[in-house]
Amino acid sequence: MKDKTIIAAALIALGIVIMGESLRSGINAFANKDRKVNVKGLAEQEVEADKVTWPIVSKEMGNDLPELYNKIGATQGKIKAFLLRNGIKETELTINAPQVIDLNAEQYNNNYRSYRYIITSVITVTSKNVSQVRSIIARQGDLLKEGVAIVDGGYENPVKYEFVAFKEMKPKMMQEAIENAEKTAQQFAENSHSKLNKIVSADQGQFSIDDRDSNTPYIKKVRVVTTVTYSLKN
C-alpha cells in the first residue's frame with residue numbers, strides 16, 4: 001500500500017513538472033509570437049545597354065510634291081548607304097513611309113510661308129551592337145558633306161537605349177537583396193538582445209531600370225528592393 005502511494009505521488013509530481021514546462025513553453029511562445037522585424041534589402045548593379053533604337057529623321061520642304069518625294073527618296077538612299085558602309089546590317093534597318101503635312105490644309109495655320117508641304121522621313125536603326133551604333137551617331141555629321149541634314153528627333157523620335165538581358169540577372173539580384181535584408185535583420189536582433197528566427201513573409205522585390213545619369217543613357221542602373229519580415233526569439 002505504501003509503495004502504491006509513493007508511485008502515485010511520483011506520477012503526480014511528474015505530471016506537475018510536465019504541465020509546468022508546457023505552461024512555460026506556451027507563455028514563451030505567446031510572448032514571442034508578435035515579435036517581428038520588418039526590413040528592406042537592396043541590390044544595385046550598373047550595366048551597359050544591350051539594345052539601341054536610333055530613329056534618323058530628315059525633312060524636305062517645298063511646293064512641288066513630286067519633286068519633294070524625289071528629294072526625300074534620294075536622302076533616304078544616302079542615309080542608308082552611309083549606314084551600310086559603317087557596318088549596319090540590312091536587317092537592322094526599317095524605312096518608314098514618308099509623312100506629308102499640307103500647311104494649306106491646317107485650319108489654324110494663318111502664318112504666311114514660302115512653302116506648302118513638309119515631308120518627314122524616318123529611318124530606324126535597331127541593333128544589339130550598341131557601341132557600333134554609338135560610334136556612327138558620333139559621325140553622322142559626315143552626311144552633311146553629302147548634303148543630308150539630320151534633324152533632331154525630339155520627343156517623338158528619341159534615341160532609346162535598353163537593357164533586355166534583365167531577366168537573366170533577376171534571380172541573382174533577388175538573392176543578394178534577401179541576403180542584405182538578413183544582415184540588417186541580424187543586426188537588429190543583436191541590438192535588441194534577441195535571435196533571428198525564420199522568415200514570416202517576403203515580397204518578390206520591386207525592380208527598376210533607369211539611366212545612370214542624363215549624360216550616359218547607354219549605362220543603366222538596375223535596382224531591386226525587397227521587403228522581408230522575420231520572427232524573433234529569445
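1. Helices, being runs of at least four residues, and strands, of at least two, are taken from DSSP and numbered from the N terminus. By this scheme His 193 is placed in the loop between H4 and strand E7 (195–202). The phi angle of His 193 is near 55 degrees, a positive value in a residue other than glycine. In general, most residues other than glycine have a negative phi. His 193 is exposed, with a relative accessible area of 74%.

2. The model under review is predicted. The mean pLDDT of the protein chain is 84, and 82% of its residues reach 70 or more.

3. As to the overall plan, the protein chain contains four helices and nine strands. Their order along the sequence is α-β-β-α-β-β-β-α-β-α-β-β-β. The protein chain has 234 residues, of which 29% count as buried. Among contacts in the protein chain with a separation of 6 or more, 79% join residues 24 or more positions apart.

4. Which residues have the most contacts inside the largest nonpolar core? They are Trp 54, Ile 79, Leu 83, Ile 88, Val 125 and Val 133, in a core of 18 residues. At least two residues of this core come from each of E2, H2, E5 and H3, and H3 supplies the largest share, four residues. As a general matter, nonpolar side chains in soluble globular proteins tend to be buried together.

5. Leu 83 illustrates the surroundings of a core residue. Leaving aside neighbours within four places in sequence, Leu 83 is in contact with Trp 54, Ile 56, Ile 88, Leu 93, Ile 123, Val 125 and Ile 136. Apart from the core of 18 residues lies another core, of ten residues. Ala 43, Val 47, Val 222 and Val 224 are among the residues of this other core.

6. Val 130, Val 133, Ile 136 and Ile 137 are buried in H3. Why do the buried residues of H3 line one face of the helix? Seen down the axis of H3, these residues fall within an arc of 125 degrees, so they line one face. On the other side of H3, Ser 131 and Ala 138 are exposed. The cover over the buried residues of H3 includes strand E2 (51–62), helix H2 (65–85), strand E5 (117–127) and E6.

7. Thr 124 counts as buried because its relative accessible area, 14%, is under 20%. Not counting residues up to four places away in sequence, Thr 124 touches Thr 53, Trp 54, Pro 55, Glu 92, Leu 93, Thr 94 and Asn 96.

8. How many aromatic pairs does a search of the whole structure find? The search finds two. One is formed by Tyr 161 and Tyr 218, which are edge-to-face, at 6.0 Å centre to centre and with 70 degrees between the planes. This pair links distant parts of the chain, 57 residues apart: Tyr 161 is in strand E6 (residues 160–162), and Tyr 218 is in the loop between strand E8 (206–211) and strand E9 (219–233). Tyr 161 is buried, with a relative accessible area of 12%, whereas Tyr 218 is partly exposed, at 21%.

9. Phe 166 and Phe 207 also form an edge-to-face pair, 5.1 Å centre to centre, with 75 degrees between the planes. This pair too links distant parts of the chain: Phe 166 in helix H4 (residues 166–191) and Phe 207 in strand E8 are 41 residues apart. Phe 166 is buried, with a relative accessible area of 17%; Phe 207, at 23%, is partly exposed.

10. Charged side chains also meet these rings. Arg 134 lies over the face of Tyr 218, at 3.5 Å from the ring centre. Lys 170 lies over the face of Phe 207, at 5.4 Å from the ring centre.

Notes: Residues are numbered from 1 along each chain as its sequence is written. This is a predicted model: local features need pLDDT of at least 70, side-chain atom pairs count only at pLDDT 80 or more; totals for chains, interfaces and linings use all residues. Side-chain values use heavy atoms; hydrogens and water are left out. Rings of Phe, Tyr and Trp (its six-membered ring) pair if their centres lie within 6.5 Å; planes under 30 degrees apart count as stacked, over 60 as edge-to-face and the rest as tilted. Buried means under 20% relative accessible area, exposed over 50%, partly exposed in between (1.4 Å probe, protein chains only). A charge sits over a ring if NZ of Lys or CZ of Arg is within 6 Å of the ring centre and within 35 degrees of the ring normal. The arc is that of the directions from the helix axis to the C-beta atoms. Contact means heavy atoms within 4.5 Å. pLDDT is the predictor's confidence in each residue, from 0 to 100. A nonpolar core is a set of buried Ala, Val, Leu, Ile, Met, Phe, Trp, Tyr and Cys residues joined through side-chain atoms within 4.5 Å.
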